[in-house]
Each structure stands twice: as C-alpha cells, then as structure tokens.
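Please examine the sequence and the three-dimensional model shown below. The report then takes up selected local features in turn.

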Amino acid sequence: MNVTKELNLSYFLLLFAVLSFCFGFYIEEDSAGSGGFILDFNKTWNFVITLKNEMSFLQDDYSTHTPLHYLVLSQLLSITGSQNFTRLTYFLICFLIPFLFYQCLKLQFSHLRKINLILIVSVVFFLPSFRSSAIWANSSTTALIFFLIFLYYYISWNKKNKFYKSSLNKEIFFQTFYLALAVYSRQYYAYIYLFLMMVYFKNLKFKNFIFISLFVFVLSLPGFYLVIFNPKIIVNFDLNFNNTILVSSSIISFYLIPVYLLHFLNNQKLNSISKNINLKDLVPFFIISLIAILMFVFFDYNYKIGGGFFLKLSRLIFDNSIFFLVTSVIGLFMVYDLIKEDKENLFLTLILLLGFSYHMIFQKYFEPMFLFIYLFMINSKIKDKFLKNSKSLFIFNMYFLIYLFMALINDTYKITNYLS
C-alpha cells in the first residue's frame, strides 16, 4: 500500500471513529457497562445544581470524587440553562482529549509519520470508558483533560538537557498545577504525584526540590480541607492485595497483549521462535506463574462487580477464572519485562498494580489513563518499535473496535448481568 492510500485510510478510520462517537452521544450510549455512567450523572446532578447556586463543596451526598468537575458542570449549566445542553457542551469540550493527545504524541514521538499519529489517536474513540464518560459528563474525562496538559509539560521538560532540567522553570510549575487540577477532578491521580516527586528528587538540585515540594504542599491544602470535612473522598483500601494484583495485571494485559504480540510477529520468524526462547527467559516466567498461582489460591474477588474484561470473559465462556489467571500471569510478565527494560519503570508499574486496591476494581479506572501513562511515562523499546509500524496500528484499532462492539452488545443485552 502506497503512502497516499495509507494516509487516506487513516483519515477514513479517524472519521469513522469520530462519527461513531457522535452517534454514541445521540443514542445515549453507556458502553462501559450496566448504566454506571448514566447513574453517576443522574445522582450527582443535584450537586451540580447546588454548586450553581452556591459554592458549597461539602453538600454532595453521593459522589466520592473530588469536586472540581462538578464545579465545571455547574458553570456550564449557568451558561446553557439546561441539563441536555450542558451535556452537549461538555461532550464537545471532550474533543480536547484527542486533540491534546495528538499534541503530546507530536512532541514525544516527533520522528513518527503523521499516519501513525492519526492511527494512535483514533484508538481513543473506540474505548468504551472514554466514550461513556464524555457522553455522560463524567469526572474522569475532566481529569483526563488536565492530565494530558500535565503530560504535555512533562514531556517538554523531560526532553530538555540535564543541565536545564536541574533548574526550576515554568514547565515544572505547570506540571504540578495541572496535575493538581486532575487530582481535584479524580483523586486517584494523586498517585502520579508520588512518581513525579521521585523524578524531581532525582533531577533537581536539592534546594529546588525543596521549593517545588513546598509549592506542591500549597496545592494540596484544599485537598486536606475536603478530606477533613468530607472523609468519604478517601476510599477505603482493600488489603487483599492478591485480588488487586491479579485483577490489575489482567487489565494491564488487555491493553499490552496486542502490542507485544504484534511486535513479536513483526520481528521474529516463526521458524526461529524456538531458537530465541532460552532458559534465561523461561525462569522468570515460571517464577511469576508460580507466584500468581499462589495468589490465585486466596483469590476471592466478586467477579459480578468489575474485575475487567478478561475476568468477565473467563466466567462467561469457561464458567471459571482459569483464563483470567492466564491473563494475570501474562500481565505480570509484561510488567516484569518493562522493569527489565528500564529500572525507572519500577515505581510507576507498582503504582498501577497496587494503586486501585479497592473491593471493586473496574477497567474504566485504567481507560484510557493507562495508555497515556504507557505511551508518555514508561520507557520501552518495544513500544517505540510498535508505534513505527502503521500496519500494527491498524490492527490495534481493529482490536479495540471489536472490544467496543462487544461492549455495546453487552450494554444492550446485559449479558454479564447473568453471570452465575
């Protein structure tokens, strides 16, 4: 396929993705599952009305999330005057996410062809959680907008030479400020601060690190106020880390399996597979498998509530969680591989594995946040090679298009509601 045809096909795919997204708004889609986003929107609407009339952040009787998103909606409501127009306006604002995503991609992967950048952006429109969140004015999309702005400044700063990085500059202040806005929209982005402060400690002069730490502390003061007067913002942790690690690694594998599989097929000849597999590769795989099996013995997660795509699929097809265990092992091995590639990936991958240690772990927590973190914050040569291959990116889009189609079927017929 020549470059012109390839570019036209990428534009067609993007157009199809955008039109399907708009059609989703028209039919009031909630493909992320069981009406959760619709429920969130309707139950928090009274809080939005309250904020429109008075700035009282502590009167939310439903949401367990930080209130910035609802403040934004209240201001939109003041302008639009109705719930439907507020939803429509917010939906249009959410097009900032693919736009900002594209800007981050151009900055981070300036060597990639435009075709590849368009194909990567198209994927976002096929993600059920992104679609449902934008259609139903959910706080996760507001947080994503601020998170992508943070990432843009983080990428820009990270590309500077080490001498420049060691000093304080406006990019660092923009990073911490926009990440704070993300946290005040969805509190779990606070985990990224743990990683960010480690990066600052490693790269900044000590006095500059202390200064930026004080600035971050000032940004956190409203959060302390919210927690003191509204403690439900702090979600109770489930200390059963067997559940957390297995579910989180399975969800991570869902996004990384096509990347690793396509990379492997593009870079290995089938008749040379056995030659490239050696004992050195197998030993960590068997150790990880053994650890996962031991954790699985104590696995008691309620698969009817969340758990990710592979857990639901495992229960539907096989009426057990064995396939889910296999995907957890694959996910853990991929995490190990990322750490093996670059030790700096260790802290961030641990945050992703352990950060959502609740009694309910939904795939929507990772979508599309994990893809953004993987693309812009995790170092990986496999990722870089994968992104250069436009054919692989077309297949990547088809993978998520099938995922969306299955999610829509499930939303229509409530298949997972009948899990035994």
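The model is predicted: local features need pLDDT of at least 70, side-chain atom pairs count only at pLDDT 80 or more, and totals for chains, interfaces and linings use all residues. Residues are numbered from 1 along each chain as its sequence is written, and side-chain values use heavy atoms, with hydrogens and water left out.

**Cysteines**

A disulfide is a covalent bond between the sulfur atoms of two cysteines. Here the term denotes a pair of cysteine sulfur atoms within 2.5 Å, and by this rule the count is zero. The reason for C22 is distance: the closest cysteine sulfur, in C94, is 12 Å from its own sulfur, which is too far for a bond. C94 is likewise in no disulfide, the sulfur of C22 being its nearest cysteine sulfur.

The surroundings of the two residues are described by relative accessible area, with buried meaning under 20%, exposed over 50% and partly exposed in between (1.4 Å probe, protein chains only). C22 is partly exposed because its value is 32%, whereas C94 has 0% and therefore counts as buried.

**Helix α10**

Helices (H or I, at least four residues) are DSSP runs, as are strands (E, at least two), and both are numbered from the N terminus. Helix α10 covers residues 170-183, which is 14 residues. The expected span of a helix is 1.5 Å times one less than its number of residues. For α10 this gives 20 Å, in agreement with the 20 Å between its end C-alpha atoms.

The buried residues of α10 include E171, I172 and Q175. L179 also lies in this helix and is buried, because its relative accessible area is 0%. The C-alpha atom of L179 is 5.8 Å from that of F147, although the two residues are 32 residues apart along the chain.

**Helices α3 and α4**

The axes of α3 (residues 68-80) and α4 (residues 83-93) come within 9 Å and cross at roughly 120°. The two helices are therefore oblique to each other: angles under 35 degrees count as roughly parallel, over 145 as roughly antiparallel, 65 to 115 as roughly perpendicular and the rest as oblique.

**Backbone features in loops**

Most residues other than glycine have a negative phi, and most peptide bonds are trans.

| Residue | Phi | Loop |
|---|---|---|
| E28 | about 55° | between α1 and α2 |
| A137 | about 45° | between α7 (128-135) and α8 (139-158) |

E28 is partly exposed, as its relative accessible area is 43%, while A137 is buried at 5%. The loop between α1 (3-26) and α2 (36-53) also holds E29, which is buried with a relative accessible area of 3%. The side chain of E29 makes a polar contact of 2.6 Å with that of S31.

A cis peptide bond, with omega of about -5°, joins E367 and P368. P368 is placed in the loop between α18 (345-354) and α19 (369-376).

Note on methods:
Axes fitted to C-alpha atoms, helices over the stretch in contact; angles between N-to-C directions. Polar contact = N/O pair within 3.5 Å; in protein donor to acceptor, adjacent residues only side chain to side chain.
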